[in-house]
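Keep the 3D view open as you read.

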2 protein chains.
Amino acid sequence: MFVILVYDINIKRVGKVLKTSRKYLNWVQNSVLEGDITEANFVKLKHELLSKINKEEDSILFYIFRSKTYSKREEYGLKKGGEDIFL
Amino acid sequence: MFVILVYDINIKRVGKVLKTSRKYLNWVQNSVLEGDITEANFVKLKHELLSKINKEEDSILFYIFRSKTYSKREEYGLKKGGEDIFL
């Protein structure tokens, strides 16, 4: 499966969340990661993230695809993060 | 076409960027919008956004799909924004 992860995390916790997410996904932009992931690893990723966030303050959004189906990715402006660009 | 828009915009400009984006797309989460859009409107949206952001400080990321192909969207934690949820 292919997932896009977008998070909005308090600065106190964002480093830990990014570090955890990068174990499984490629960093695309400041608060966006994406990548192919197995169902089992996706469960692990969610479990690890949910133990790190404060559900009253932080939010996490996953888009889940059967395969990498997007036609195109376009980026504008400042390039923050994302050493793993593979487009 | 179907697009997902993720932005990371300085707080001074984020209100304008959200307002512009919501003319064309549905607000999903703090810095995420999505929706069906015509090619012509997508060009207009990009043009309007690029005139509003500071390319040294802000970033905008589009995922572009031929159709709404994602299998699932999962959200965790705080629900910020997104009155137009239609999942």
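Predicted model: local features only at pLDDT ≥ 70, side-chain atom pairs only at ≥ 80, totals over all residues.

Helices α1(A) and α2(A) pack at an angle of about 170 degrees, and their axes lie 10 Å apart. Angles over 145 degrees count as roughly antiparallel, and α1(A) is therefore roughly antiparallel to α2(A). Which residues make the contact? From α1(A) come R13(A), K16(A), V17(A), T20(A) and S21(A), while α2(A) supplies L45(A), E48(A), L49(A) and K52(A). Sorted by class, the residues of this contact of α1(A) with α2(A) are three nonpolar, two polar and four charged.

One residue of that contact has a further partner. R13(A) forms a salt bridge with D58(A), with the closest N and O atoms 2.7 Å apart. This pair links distant parts of the chain: R13(A) sits in helix α1 (residues 11–22) of chain A, whereas D58(A) lies in the loop between α2 and β4 of chain A, 45 residues apart. Over all chains, the count comes to nine salt bridges.

Now turn to chain B. There, helix α1 (residues 11–22) and helix α2 (residues 39–52) of chain B pack at an angle of about 170 degrees, with axes 10 Å apart. The two helices α1(B) and α2(B) are therefore roughly antiparallel to each other. Their contact is built from R13(B), K16(B), V17(B), T20(B) and S21(B) on α1(B), and from L45(B), E48(B), L49(B) and K52(B) on α2(B). By class, the contact of α1(B) with α2(B) holds three nonpolar, two polar and four charged residues.

Finally, look at where the chains meet. The size of an interface is often given as the accessible area lost when the parts come together. Chain A and chain B bury about 3,200 Å² between them, 56% of it on carbon and sulfur atoms. How many residues of each chain are in contact? The contact involves 35 residues of chain A and 35 residues of chain B.

Twelve residue pairs are in polar contact between chain A and chain B, and two salt bridges cross the interface. In a salt bridge between the chains, the side chains of E74(B) and K46(A) meet at 2.9 Å, N to O. On the side of chain A that touches chain B, the elements giving two or more residues include α2 (39–52), β4 (59–65) and β5 (72–77) of chain A. The largest share of that side, seven residues, comes from β4(A). By class, the side of chain A that touches chain B has 16 nonpolar, six polar and 13 charged residues.

Conventions:
Residues numbered from 1 in each chain as written. Chains lettered and ligands numbered in written order. Heavy atoms only, no water. Axes fitted to C-alpha atoms, helices over the stretch in contact; angles between N-to-C directions. Helix = DSSP H or I, 4+ residues; strand = E, 2+ residues; numbered from the N terminus. Parallel < 35°, antiparallel > 145°, perpendicular 65-115°, else oblique. Contact = heavy atoms within 4.5 Å. Nonpolar A, V, L, I, M, F, W, Y, C, P; charged D, E, K, R; others polar. Buried area = accessible area lost by both parts, 1.4 Å probe. Salt bridge = Lys/Arg side-chain N within 4 Å of Asp/Glu carboxyl O. Polar contact = N/O pair within 3.5 Å; in protein donor to acceptor, adjacent residues only side chain to side chain.
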